[in-house]
Amino acid sequence: MVVVERLRRAFGPILAVNDVSFAAEKGEVLGILGPNGAGKSTAMKMLTCFLPPDAGTASICGHDVRRTPIQARRSLGYVAENAPLYSEMTVAGFLKFICDVRRIGPKRRREAIDNVVETCSLGPVYHQTIETLSKGYQRRVALGQALIHDPPVLILDEPTDGLDPNQKHEVRKLIRTMSRDKCILISTHILEEVEAVCSRVIILDGGAVRADATPQKLKDDHGGDLTQVFRKITAGHTS
Amino acid sequence: MIGFWAVCKRELKAYFTTPVAYVFLVVFLFFAGYLPFELGDFYIRRQADLSAFFRYLPALLAVLVPCVAMRLWAAERRSGSIELLLTLPITVRHAVLGKFVAAWAFLGIALLLTLPMPLTVAYLGEPDLGPMLCGYAGAFLMAGGFLAVGCFFSALSRSQVISFVLAVVVCGILVYAGMPTTQGFLTGSLGAGVAGVVESFSMQSHFASIQRGVIALGDVIYFLAVICGWLAACWVVLDERRAA
């Protein structure tokens, strides 16, 4: 469902993503792990067609992000880092706007909105302005907009960053529930998150893939827990 | 086109869900009424027309339209919502046009709210409707031109203040290039040829031409070229520097 081939992106002299390749299928929760500045967010921005790659390409459900970006975006739901939203809108108005852009017509709209309001527990704040919501609720609204069209691919950039332990637990539970019939990519530097939800892990460092395996296999191969594995793999490359 | 309408609808609503629209409308309507009566000698001239109103409109719009435009992209960059918008299934072109049309419609509403001016003129005398209607059409086109300039500078920076200042400078140049004083200076120092070329690029002279009551194709093409040119530049900037 997601195929990434030799993706490369530089910002001036800094090579943010260097020759990254991987693939992920339906039913997988792929954790993209790495220290700050490893290139996780840049890779995700290219997968969601926000940034064009300098070289290489990627496809979402067979739609190439360079040649058919609109079709690729229709097949995915994306929660960007810090979950940016239109803060002056109400949750209801915002979800209706997303329905408009995603061509969810009046017949399906009620059902689609009801589904995400229930899934993301947005009922109590449905008519509230987004800027008045807590960080936890704002994350849920961002997740709601990513799920509203029931996409086959979900890309979540640090989805639990800044949430309290209860909210983290809820988001992880939701990801596990959805993982059965979706392909989910999660970028994170929180190792407990990887253990909690990911079926496979890619460790990025210095813009390149340093490891690609299941969490268990990584632990077996390198010895020790994920923290030790992470340290071993990334310590030598961290600038 | 669905993405275009969705963005357009959202933007237009956004003006009225924040104080921006109301502050703009109050300031614009105050000066649109104050300037012709106080500085334009509306009563002293004893003419039933809107020339006193239209005389100050270019300078007023050159300052106030960038206020409307400055938030269009700079605020999206500042809050990070540009990443949300441009990862939805919508092209940059449709997003640019959607925002522009929404802001232009808002400026159209602002111009419509000055209708008490022509109604006053109609009450006091028997004005010629042609120049008044042409003046409004010209003002709407000119507002679109200033707005396109503002859109471009809004896309250039994440700071609304920088976007506003740069847009006001360019809009000011487009107005003052056609002013009689500027033209006199240019003719004296650089010759009539250069002054004529500069005047042909000025919004002021094309607006003055329409305001006389004749909508010439050349003037309409000028305004549409200004709008399309600056919007195309805005589109290129967003395409190239969307993550900046």
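Me: Buried means under 20% relative accessible area, exposed over 50%, and partly exposed in between, with a 1.4 Å probe and protein chains only. By that rule, is B:Glu11 buried or exposed?

Reply: B:Glu11 is buried, at a relative accessible area of 1%. Some background on the numbers: this is a predicted model, where local features need pLDDT of at least 70 and side-chain atom pairs count only at pLDDT 80 or more, while totals for chains, interfaces and linings use all residues. Residues are numbered from 1 along each chain as its sequence is written, chains are lettered from A and ligands numbered from 1 in the order in which they are written, and side-chain values use heavy atoms, leaving out hydrogens and water.

Me: OK. Which side chain does B:Glu11 meet in a salt bridge?

Reply: That of B:Arg71, at 3.5 Å from N to O. The two belong to distant parts of the chain, 60 residues apart, with B:Glu11 in helix 1 and B:Arg71 in helix 5 (residues 71-79) of chain B. A salt bridge here is a side-chain nitrogen of Lys or Arg within 4 Å of a carboxyl oxygen of Asp or Glu. Helices (H or I, at least four residues) and strands (E, at least two) are DSSP runs, numbered from the N terminus.

Me: Is B:Arg71 buried or exposed?

Reply: B:Arg71 is buried, with a relative accessible area of 14%.

Me: And which residues are linked with that pair in a network of salt bridges?

Reply: The network holds A:Glu88, B:Arg10 and B:Glu76, along with B:Lys99, B:Glu11 and B:Arg71.

Me: B:Arg10, then. Where is it placed, and what does it contact?

Reply: B:Arg10 sits in helix 1 (residues 2-17) of chain B, and with a relative accessible area of 6% it counts as buried. Setting aside neighbours within four places in sequence, B:Arg10 has contacts (heavy atoms within 4.5 Å) with A:Tyr86, A:Glu88, A:Met89 and A:Phe97, and in chain B with B:Arg71 and B:Glu76.

Me: How much area do the two chains bury between them?

Reply: About 2300 Å², 68% of it on carbon and sulfur atoms. On the chain B side, B:Arg10, B:Glu83 and B:Pro89 lose the most area to chain A, together 29% of what that side buries. Buried area is the accessible area (1.4 Å probe) that two parts lose on being put together, summed over both.

Me: How many residues are in contact there, and how many salt bridges cross?

Reply: In contact are 24 residues of chain B and 23 residues of chain A. Three salt bridges cross the interface. B:Glu83 forms a salt bridge with A:Lys45, with the closest N and O atoms 3.9 Å apart.

Me: Switching to chain A. What is in it?

Reply: Chain A has nine helices and ten strands. Buried residues account for 56% of its 239 residues. Its radius of gyration is 18 Å, which agrees with the value near 18 Å for a compact globule of 239 residues; the radius is taken over C-alpha atoms, and the globule rule is 2.2 Å times the number of residues to the power 0.38.

Me: Which side chain does A:Asp100 meet in a salt bridge?

Reply: A:Arg109, at 2.7 Å from N to O. Both A:Asp100 and A:Arg109 are buried.

Me: What about A:Glu192?

Reply: A:Glu192 forms a salt bridge with A:Arg172, the closest N and O atoms being 3.0 Å apart. A:Glu192 is partly exposed at 49%, whereas A:Arg172 is buried at 9%.
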